[in-house]
There are 2 protein chains.
Amino acid sequence: MAGDGTIGKACDVLDQVAAFERPVRFAELLDNSDFPKATLYRFLQSLTNQGMLSYDPDRQTYTPGMRLVRLAHAAWTQSSLAPIARPFLDALSRETGETVHLAQLDSSQVLYVDKRNAAKPVEMFSQAGKVGPAYCTGVGKAMMAYLDDDALNKAVSQQSYHRFTDKTLTSEQALRADLIRIRQRGYAIDDEEHEPGIICIACPILTSGGRLLGAISVTGSTNRMDFNQLEAWVPRVRRVADQIGTEAQAWRFPDTRQNVSNDRMQAT
Amino acid sequence: MAGDGTIGKACDVLDQVAAFERPVRFAELLDNSDFPKATLYRFLQSLTNQGMLSYDPDRQTYTPGMRLVRLAHAAWTQSSLAPIARPFLDALSRETGETVHLAQLDSSQVLYVDKRNAAKPVEMFSQAGKVGPAYCTGVGKAMMAYLDDDALNKAVSQQSYHRFTDKTLTSEQALRADLIRIRQRGYAIDDEEHEPGIICIACPILTSGGRLLGAISVTGSTNRMDFNQLEAWVPRVRRVADQIGTEAQAWRFPDTRQNVSNDRMQAT
DNA sequence: AACTAAGTTCCAATATATGGAACATGATGG
DNA sequence: CCATCATGTTCCATATATTGGAACTTAGTT
């Protein structure tokens, strides 16, 4: 996928380091890398200088750097649905008393951008920024169901179809069939496909033009509830999703003095 | 500042985009950039391809991209003190009932990596990843006071010394004097230097070798408390800071023994 | 002390980034 | 309706930065 010259390669290295999920040594990276020793070495140096990586001289290990956190703050604030969706998530979480997720699609994976946890107060970034599979989560399927053909084909082909539970959809065919049902229903269901005992309903967040922005879900556990109880929330979740979609569309105006001539539905 | 070839330049561009704090157009970036048009253009394209930036074709604007959020999750988990400090922050927040901040130093600025809010539930990433001035905040001064000479000189010279309140220290001289007192006391005080009505005490987080890792603070408002009340928490805060420092030092062991069969990964 | 593995530096070859200028596109206004 | 201007996009010869093999240094082991 990479092919953007030095920038693409540098991003690859960042991903590599991040993928280890622990401090990683030069030699380990070298093994998992196509780059020759000297090249990788210089990349790591530059990235470390820039604060994109951080280096522990004692242990000679690299980890993703704090500059990423600073940049991500800006990304989260500006490019994600989270700031817009926050009050809605709060409300939905309060009303349902269940865990609520807000997710977006990022290179065919689910990227969680915000969360309200049923029990605990909140868990910060430890949740936001997390990625998960698309083919076996409510938010993932809700989003894929509303992709255009090109994006859909790409997304569907990039899933790993790993069997997490005996209910996981493990083929492109099964997934596509489910996506059709989702579009008919207007919402997605995760019936213990990712984790045993965990069920969830999810609605896509769309612009008025039908462009996919993200998804929102309410999760429950089979201990405490069944699908009938969970599905009772669907109308509420869908309304929230619509509100977020509408606001997102309006909010995306980059200041720009008077409104641009290109206002098709700018009423409000 | 930049000097790491293409990587450094690309990072500059990322910072540029992030600095706008709103969707920004090509021409705006070009004005604020040393790069020639074509060069900047290609940088933006590559970064957008890589998901480090996101581009809105309708409005022709760039914002920091979601890939940063993914990477930052890894950075926050691995490189920040937050995962280690979390239980301590929880405890401190519960005991004091006040706002608690955990910060690290990043290019002479305060980078907040976690927070517990007094009243409100929590504000997510809107705080983690946020940056602030070092010379007029408790955590900032607590950290600067424990830098080695080189780093200190650099940090002190890079402050903006903007007057936020009439108590703000607005000269290098005044700051250096305060840093000496801080080292004597072992903790820093912010006496409405950043925001009127907001006072705070902060302790540095150090390794046993004295290397600076970060700082932790308890904040109060002059409405509800005075410095005597706030300073009563200092011993507790310092103990927490020490515990975090000790754990951080121990935790940084990357395991790295042979056992974990690395050669074979990628289950999915 | 000899050996091995990991990390670092060097430098000529060459692939890559560069940026001036020409080319689109589309908005603005006369 | 065409002219004009602002903005964004592409081209291409040139210069420069990246490249990677190999030599070197350092640290750890037998």
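Tutor: Start with a definition: a contact means heavy atoms within 4.5 Å. This is a predicted model. In chain A, take the contacts between residues at least 6 apart in sequence; 55% of them join residues at least 24 apart.

Student: What makes the relation of chain B to chain A that of a two-fold axis?

Tutor: Look at the rotation and the shift. A rotation of 180° with 0.1 Å of shift along its axis puts chain B on chain A, with an RMSD of 0.2 Å. That is how a two-fold axis relates copies.

Student: How do you know that the copies meet through the same surface?

Tutor: Of the interface residues of chain B, 93% are also interface residues in chain A, so the surface is the same.

Student: Why is Tyr62(A) called buried, and what is Tyr55(A) called?

Tutor: Buried means under 20% relative accessible area, exposed over 50%. Tyr62(A) has 7%, so it is buried. Tyr55(A) has 35%, so it is partly exposed.

Student: What makes Arg185(A) count as lying over the face of Tyr187(A)?

Tutor: CZ of Arg must be within 6 Å of the ring centre and within 35 degrees of the ring normal. Arg185(A) lies over the face at 5.2 Å from the ring centre. In chain B, Arg185(B) lies over the face of Tyr187(B) at 5.1 Å.

How values were computed:
Residues are numbered from 1 along each chain as its sequence is written. Chains are lettered from A and ligands numbered from 1 in the order in which they are written. This is a predicted model: local features need pLDDT of at least 70, side-chain atom pairs count only at pLDDT 80 or more; totals for chains, interfaces and linings use all residues. Side-chain values use heavy atoms; hydrogens and water are left out. Copies are superposed by least squares on the C-alpha atoms of residues with pLDDT of at least 70 in both. Buried means under 20% relative accessible area, exposed over 50%, partly exposed in between (1.4 Å probe, protein chains only).
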